[in-house]
Amino acid sequence: MSESVYVVKLYSDPTPPPPRSSHQSKFPPLAGGCGSVLASLGVLFLVFGGLGLLVEMEVNRFGGGLWAGVVCLGTGISGYIASHHWYKAWACYLYLGNSLASIAACMACTAVTAAAIQIKKDKLTAARAAWV
């Protein structure tokens, strides 16, 4: 009788990647792209907010540009995290929450700056009226 011996080796990754569905495969590049846009917008806010404080301290005394820059930079970082950890729910929710916060911060920055400009115009108008 002749016996045959067969050797079978099975290779497997120690940690298989999480399964991808069709809607999740489009999320990482979108979150990474939007995150990088928001991070660069945050840097621009910081630069121009700092320049505004140096040039027109009376108008920019609230520092709206600096605050919006910090929030947008944080949103950009969370977008980067969400693009690399797209399969974790907390990363996606963090990015979503920070995106909404950055929209609110940009609107608040615009409102605060417009209010400060109006306050300065009113002071200049009152000073001009006092001289007449």
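**View 1. Helix 1 against helix 2 in the predicted model.** The axes of helix 1 (residues 27–55) and helix 2 cross at roughly 160° and come within 7 Å of each other, where axes are lines fitted to C-alpha atoms, for helices over the stretch in contact, and angles run from 0 to 180 degrees between N-to-C directions. Helix 1 and helix 2 are therefore roughly antiparallel, a term for angles over 145 degrees. The contact of helix 1 with helix 2 has 16 nonpolar, 11 polar and no charged residues. This is a predicted model, in which local features need pLDDT of at least 70 and side-chain atom pairs count only at pLDDT 80 or more, while totals for chains, interfaces and linings use all residues. Residues are numbered from 1 along each chain as its sequence is written, and side-chain values use heavy atoms, with hydrogens and water left out.

**View 2. Helix 2 against helix 3.** The axes of helix 2 (residues 64–84) and helix 3 (residues 89–131) come within 8 Å and cross at roughly 160°, which makes helix 2 roughly antiparallel to helix 3.

**View 3. The largest nonpolar core.** Phe 45, Ala 68, Cys 72, Ala 105 and Cys 109 form this core of 5 residues, whose members are buried and joined through side-chain atoms within 4.5 Å, buried meaning under 20% relative accessible area with a 1.4 Å probe, protein chains only. Helix 2 and helix 3 are the elements that give two or more residues to the core. Leaving aside residues up to four places away in sequence, Cys 109 touches Phe 45, Gly 64, Gly 65 and Ala 68.

Conventions
Helix = DSSP H or I, 4+ residues; strand = E, 2+ residues; numbered from the N terminus. Parallel < 35°, antiparallel > 145°, perpendicular 65-115°, else oblique. Buried < 20%, exposed > 50% of the residue type's maximum accessible area, 1.4 Å probe, protein only. Contact = heavy atoms within 4.5 Å. Nonpolar A, V, L, I, M, F, W, Y, C, P; charged D, E, K, R; others polar.
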